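The exercises below concern one protein chain. Work through each task before reading its solution.

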Amino acid sequence: MPTDEGLALHAAATDATTRLGLPLLEVGTYCGRSTILLAEAARTAGTVAITVDHHRGSEEQQPGWEYHDPDVVDPEVGRMDTLPTFRRTLHAAGLEDHVIAAVGRSPQVAAVWGKPLGLVFIDGGHTDEHAAADYEGWAPHVAPDGLLVIHDVFPDPADGGQAPYRIYRRALDSGAFTEVSATRSLRVLRRTGTTPPI
């Protein structure tokens with residue numbers, strides 16, 4: 001995540017925690033860089049950041065793809081495992097006490113989630129199936145006046161995948177969300193409508 005997008009994410013998290021005092025949730029933890037931004041905002045406000053990830057990597061991080069990192073492959077099972085790196089990242093930042101890590105698939109965790117959230121940050125899988133499942137699972141949990149943040153939104157297909165853009169458009173078209181800001185590929189939406197955000 002570029003610095004300006006990271007600063008925009010942190011600003012959104014700070015805004016949400018200051019106004020609402022509710023937990024923040026991130027879909028797509030990877031090694032924890034964006035988690036630190038959310039956790040710092042949560043720490044300051046006296047709440048927590050929740051991260052949801054199966055830690056096996058998304059499509060583009062698998063062997064043979066552009067973003068594959070062989071250093072996060074577990075040699076014993078032969079699959080990606082970013083959880084140890086994520087835990088080291090949190091430890092180094094001194095933020096372990098301000099993060100709850102849910103290790104599992106986003107739709108399964110969303111199905112049992114029962115609390116409103118001040119901010120939901122969607123940065124998980126980039127296929128239509130995964131992005132839509134993240135949106136459908138978590139957008140309903142954004143509290144009124146809370147924020148939905150979507151990463152890797154590229155209106156022009158030449159710039160990147162279209163699944164995050166499609167859920168961004170879906171959120172706006174639902175009437176439940178209004179755009180607050182755009183920083184490169186990061187979009188911040190506020191839940192302003194009374195209609196269900198699906």
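**Exercise 1: a glycine in a loop**

Glycine 21 has a relative accessible area of 40%, so it is partly exposed (buried means under 20% relative accessible area, exposed over 50%, partly exposed in between, with a 1.4 Å probe and protein chains only). The model is a predicted one, in which local features need pLDDT of at least 70, side-chain atom pairs count only at pLDDT 80 or more, and totals for chains, interfaces and linings use all residues. Residues are numbered from 1 along each chain as its sequence is written, and side-chain values use heavy atoms, with hydrogens and water left out.

Task: state where glycine 21 lies and which residues glycine 21 is in contact with, leaving aside its neighbours within four places in sequence.

Solution.
1. Glycine 21 belongs to the loop between helix 1 (3–20) and strand 1 (24–27). Helices (H or I, at least four residues) and strands (E, at least two) are DSSP runs, numbered from the N terminus.
2. With neighbours within four places in sequence left aside, its contacts are Ala16 and Thr47, where contact means heavy atoms within 4.5 Å.
3. Glycine 46 is 25 residues apart from glycine 21 along the chain, and their C-alpha atoms are separated by 7.7 Å.

**Exercise 2: an aromatic pair**

Task: describe how the rings of tyrosine 165 and tyrosine 168 are arranged, and decide whether tyrosine 168 is buried or exposed.

Solution.
1. Two aromatic pairs are found in a search of the whole structure. Rings of Phe, Tyr and Trp (its six-membered ring) pair if their centres lie within 6.5 Å; planes under 30 degrees apart count as stacked, over 60 as edge-to-face and the rest as tilted.
2. Tyrosine 165 and tyrosine 168 form a tilted pair, at 6.0 Å centre to centre with 40° between the planes.
3. The two tyrosines are separated by about one helical turn, because they are three residues apart in helix 6 (residues 163–173).
4. Tyrosine 168 counts as buried at 8% relative accessibility, whereas tyrosine 165, at 22%, is partly exposed.

**Exercise 3: the chain as a whole**

Task: how many helices and strands does the protein chain have, and what is its radius of gyration?

Solution.
1. The count is six helices and nine strands.
2. The radius of gyration is 16 Å, close to the 16 Å that the globule rule gives for 198 residues, so the chain is as compact as a globular protein of that length. The radius is taken over C-alpha atoms, and the rule is 2.2 Å times the number of residues to the power 0.38.
3. Along its principal axes the C-alpha trace spans about 50 × 40 × 35 Å.
4. Of the 198 residues, 45% are buried.
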